[in-house]
Amino acid sequence: MNKEHTIIQEFTKGLFAHNPLFVALLGMCPSLAVTTSVRNGLAMGMAVILVITLSNVLISLIRNQIPKAVRIPCFIVVIAAFVTMVELLMKAYLPPEINESLGIFIPLIVVNCVIMYRAEDFASKHGVFRSAIDGIGMGAGFTLALATLSTIREAIGVGTILGVKISETYQPASVMIMAPGAFLGLGLLLAYFNWRRLRKGEKA
Amino acid sequence: MGVDLNTLFTIIISAIFVNNYVLARFLGLCPFFGVSKSTDAALGMGMAVTFVMTIASAATWVTYNYVLLPGPSNIFGSVFPGVAETGMVDVLKTISYILIIAALVQLVETVMKKMTPALYDSLGIYLPLITTNCAILGVALLGTTNAPAHLSILEATVQGFAGGIGFTLALLLMSGVRERLILLDLPKSFRGVPIAFISASMMALAFMGFSGMVSW
């Protein structure tokens, strides 16, 4: 953990330097399963932003009351409560086909390691305001990663981005929206980020 | 309701090969990439997951059908008539499942430590990790609400067990591949996790060959 970040840095570290998916490799299950289209990816990202921010705030508020030995079960209950709220909200306000395709991955946000990681590593040690900013930043970073991966998969696999056709003559390779394409897409993206980091290291 | 061996067999084949929890449904990826560096660790983790998954599917099935679902089978219904009418499925499902799984893992750990110290020594370190393994919660959810048909308790348990076997199979195959990947002369940027993902993609492609074998 670095010393004192400014508020801006607290927000942006989640976007790039500590991006939960591309750098910390957390929350892989939902990221691979729901990124078959950009709309699904964004909906999942929104749900995660809501849950992570609310749970960070509440955990930071009660951090001095929780005994250290039982902190993990407490975190899980807090997170599960917020996930249930978000699940009910999404069922009420989002179109049914999005709920249909996200399926069990909405309740599975409970075991998304990103949220547990921020609760344990940040919210249980910092004040309410900073925890909220950290939650929003991490959630936004996760959404950004989901958007990147789902754009690539939808563009190659269906030939559209957000439902808009990219080219009249393109023949979609539908393997990209199936299971192998998910692993391949994320693997190549990770290799690209490694390559960029290595190049930066050589220059410096 | 008799036991239909045909259905059970279909469930087993489906959970191990066609809808493999790791390679087709993307559940339990964290241990899949985290613990697959050596075959021994992979086997230990796979056995622990299979064990907990089997018990958890049975326990969550009972909870779902006798505590959460509305209707005459609800055991709280006789005390609180309101509960029998509306049930508690929507609000309490996620919380109750995760608590059941966490408690089960703790129980299994304690019992194992007392009864079979040798097994505990080999599986012990993997057990706490299982609470946050999304494959377990996923199997519990699939065994109750989101199943294509309403499963009986035997079918749900068998599905959990077969899911665990499928998870172990994927983990073992992956660890075998990764033990050989270390020896390769790869481009620097692909070393470690990226090449593991790409091998997983090839494995998923191979497992897609099983689709259409059974329709479940």
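Predicted model: local features only at pLDDT ≥ 70, side-chain atom pairs only at ≥ 80, totals over all residues.
Visitor: How do you know that the span of α10(B) agrees with its number of residues?

Guide: The expected span is 1.5 Å times one less than the number of residues. For the 16 residues of α10(B) this gives 22 Å, and the end C-alpha atoms are 22 Å apart, so the two agree.

Visitor: Which residues of α10(B) are called buried?

Guide: The term requires 20 or more other C-beta atoms within 10 Å of the residue's own. In α10(B), Pro194(B), Ile195(B), Ala196(B), Phe197(B), Ile198(B), Ala200(B), Ser201(B), Met203(B), Ala204(B) and Phe207(B) are buried. Of the 216 residues of chain B, 44% count as buried.

Visitor: Which elements give two or more residues to the side of chain B that touches chain A?

Guide: The contact takes 31 residues from chain B and 34 residues from chain A. On the chain B side, the elements that give two or more residues are α2 (29–34), α5 (89–115), α8 (134–143) and α10 (193–208). Of these, α10(B) gives the most, with 9 residues. The residues of this side divide into 23 nonpolar, 6 polar and 2 charged.

Visitor: What makes a set of residues a nonpolar core, and which residues have the most contacts inside the largest one?

Guide: The members must be buried residues of the nonpolar kinds listed for a core, joined through C-beta atoms within 7 Å. The largest such core has 104 residues, and those with the most contacts inside it are Val51(A), Ile79(A), Val52(B), Ile136(B) and Leu137(B). Helix α3 (residues 39–68) of chain B gives the most to this core, with 13 residues. A second, separate core of 6 residues includes Ile11(B), Ile16(B), Phe161(B) and Ala162(B).

Visitor: What is Ile79(A) in contact with, leaving aside its neighbours within four places in sequence?

Guide: Ile79(A) is in contact with Val51(A), Ser55(A), Val110(A) and Ile115(A).

Definitions and conventions
Residues numbered from 1 in each chain as written. Chains lettered and ligands numbered in written order. Contact = placed C-beta atoms within 7 Å. Helix = DSSP H or I, 4+ residues; strand = E, 2+ residues; numbered from the N terminus. Nonpolar A, V, L, I, M, F, W, Y, C, P; charged D, E, K, R; others polar. Buried ≥ 20, exposed ≤ 12 C-beta atoms within 10 Å, placed from the backbone.
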